[in-house]
Amino acid sequence: MSTIKIGVITASDRASAGIYEDISGVAIQDTMKEYLKSPHEIVYRCIPDNQDTIEETMMELCDREGCCLVVTTGGTGPAKRDVTPEATENVCEKMMPGFGELMRQVSLKYVPTAILSRQTAGIRGKSLIINLPGKPKSIRECLGAVFPAVPYCIDLIEGPYLECNEEVIKAFRPKQ
Amino acid sequence: MSTIKIGVITASDRASAGIYEDISGVAIQDTMKEYLKSPHEIVYRCIPDNQDTIEETMMELCDREGCCLVVTTGGTGPAKRDVTPEATENVCEKMMPGFGELMRQVSLKYVPTAILSRQTAGIRGKSLIINLPGKPKSIRECLGAVFPAVPYCIDLIEGPYLECNEEVIKAFRPKQ
Amino acid sequence: MSTIKIGVITASDRASAGIYEDISGVAIQDTMKEYLKSPHEIVYRCIPDNQDTIEETMMELCDREGCCLVVTTGGTGPAKRDVTPEATENVCEKMMPGFGELMRQVSLKYVPTAILSRQTAGIRGKSLIINLPGKPKSIRECLGAVFPAVPYCIDLIEGPYLECNEEVIKAFRPKQ
């Protein structure tokens with residue numbers, strides 16, 4: 001069996017230019033390590049908020065690296081340089097609106113500005129792409145909300161069988 | 001006054017090939033019988049998960065059969081052959097995002113994988129098309145959540161006046 | 001510093017023809033006056049439910065008038081002449097799905113037909129466009145739900161700094 005690969009993309013002009021540390025990308029990687037019992041490899045990219053670059057990086061991680069899951073952080077707000085959802089929509093064959101809806105709903109418990117996040121998710125081939133917000137605290141809240149559905153989603157798109165650390169997060173697979 | 005027609009489309013490779021029984025299509029028909037006091041006729045189709053076929057069947061039921069409501073089951077997940085939402089979007093002039101949002105929210109009370117359902121709804125001419133999930137239990141939960149708004153929606157698109165069995169489900173029509 | 005301008009568009013065949021008074025447009029203007037401490041000018045248009053006219057009016061208020069916020073009322077339902085969300089999508093570079101989701105969720109507490117509202121929001125240049133429903137009561141409910149996020153949104157798109165009357169509505173700006 002080949003290695004399970006998880007893609008992590010930080011879209012941030014400043015982090016990619018080295019102006020500040022990419023704490024968000026690190027937060028996703030840490031959360032993945034905690035959540036996933038299955039041995040896996042992280043493929044990490046930190047890139048500027050450029051739509052073409054984001055799309056190319058998503059395609060690289062999905063098609064060439066074979067990541068079954070690609071998680072992005074950054075670029076989901078209303079500002080001019082925020083284009084991660086548009087990039088996601090362009091590279092995906094199917095959009096999964098339920099992810100964005102649930103993540104915004106969860107974030108709304110903490111801040112009314114949660115509605116400004118345009119984060120979404122979608123399917124490209126055998127990969128699930130999920131946008132997360134840019135802030136480490138929100139990343140954790142959002143991942144915790146949607147992750148229980150991720151392993152079954154990856155089953156359905158014919159990806160590898162992901163096992164979670166059940167004491168940290170419980171994957172749900174409905175009985176067929 | 002002409003007969004009220006309700007379309008029911010089951011999109012399922014296996015059910016349409018006779019590999020298993022279409023329990024979901026039957027569940028929708030049973031629910032319609034319970035909900036609707038108005039005499040009506042069900043126009044039922046069981047077809048494979050082929051996007052062209054789904055689109056043609058939707059157009060047939062809306063345009064030629066004159067169904068004021070077309071309810072689909074199946075094909076709303078993330079798998080390759082799940083294309084019912086895309087077919088719906090292609091044949092509709094207007095999308096109704098509130099239906100999918102509410103149905104996912106209701107299903108989330110039961111299973112965290114509810115976010116994997118991409119079900120939506122839309123308007124084609126004088127017909128309302130609603131996607132339901134594939135499982136009989138979820139069908140009932142979802143229909144129960146959105147149906148109170150269906151008769152008024154059909155009023156607004158100049159369809160027939162639907163009366164519900166009020167002891168089973170309460171249609172809501174706001175006072176003008 | 002130049003004046004803060006807020007656009008208000010009523011899309012209604014009947015109100016624009018003078019068949020009835022535009023109570024909804026007035027309700028939005030009153031709410032803005034209550035909410036906003038910052039001195040501002042309202043640019044108001046009452047136009048028919050014609051998609052081209054709605055798009056042109058949105059572009060006029062955003063591009064030529066320089067409104068940082070354009071609020072519409074009317075035309076969000078499923079009826080043939082309801083085309084405000086389509087006009088909004090056509091003139092915006094970025095869609096903000098969280099606004100429509102939250103407004104429908106709030107309206108659902110009052111009426112099950114809230115799912116029939118297709119209202120959305122989006123960004124055009126340095127302007128935020130928000131669709132509100134047509135009824136004065138729902139307008140107030142919906143604006144109250146989303147407005148706490150509006151000033152920060154306008155900060156992010158490089159618009160003017162809006163101050164709210166905190167005893168009426170509390171704007172939220174996350175600490176950077």
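Biologist: Is the crossing of α2(A) and α6(A) left-handed or right-handed?
Modeller: The crossing of α2(A) and α6(A) is right-handed; that term means the near helix is turned clockwise from the far one by less than a right angle, with anticlockwise giving left-handed. This is a predicted model in which local features need pLDDT of at least 70 and side-chain atom pairs count only at pLDDT 80 or more, while totals for chains, interfaces and linings use all residues. Residues are numbered from 1 along each chain as its sequence is written, and chains are lettered from A and ligands numbered from 1 in the order in which they are written.

Biologist: At what angle do helix α2 and helix α6 of chain A pack?
Modeller: Two packed helices are described by the angle between their axes and the distance between the axes. Here helix α2 (residues 23-35) and helix α6 (residues 136-146) of chain A pack at about 30°, their axes 9 Å apart. Axes are lines fitted to C-alpha atoms, for helices over the stretch in contact, and angles run from 0 to 180 degrees between N-to-C directions. Helices (H or I, at least four residues) and strands (E, at least two) are DSSP runs, numbered from the N terminus. α2(A) and α6(A) are therefore roughly parallel to each other (angles under 35 degrees).

Biologist: Which residues of α2(A) and α6(A) meet?
Modeller: On α2(A), A:I23, A:S24, A:A27, A:I28 and A:T31 meet A:P136, A:I139, A:R140 and A:L143 of α6(A); contact means C-beta atoms, placed from the backbone, within 7 Å. The residues of this α2(A)-α6(A) contact are six nonpolar, two polar and one charged (Ala, Val, Leu, Ile, Met, Phe, Trp, Tyr, Cys and Pro are nonpolar, Asp, Glu, Lys and Arg charged, the others, Gly among them, polar).

Biologist: In what order do the six strands of chain C form the sheet?
Modeller: The open sheet of chain C runs β2-β1-β3-β6-β5-β4, with mixed pairing (strands pair if DSSP finds at least two bridges between them). Its edge strands are β2 (40-47) and β4 (94-95), each pairing on one side only. Inside chain C, β1 (residues 4-11) and β3 (residues 69-73) pair in the parallel sense over five bridges, and C:V8 has C:V71 in β3(C) as its bridge partner.

Note on methods. Parallel < 35°, antiparallel > 145°, perpendicular 65-115°, else oblique. Contact = placed C-beta atoms within 7 Å.
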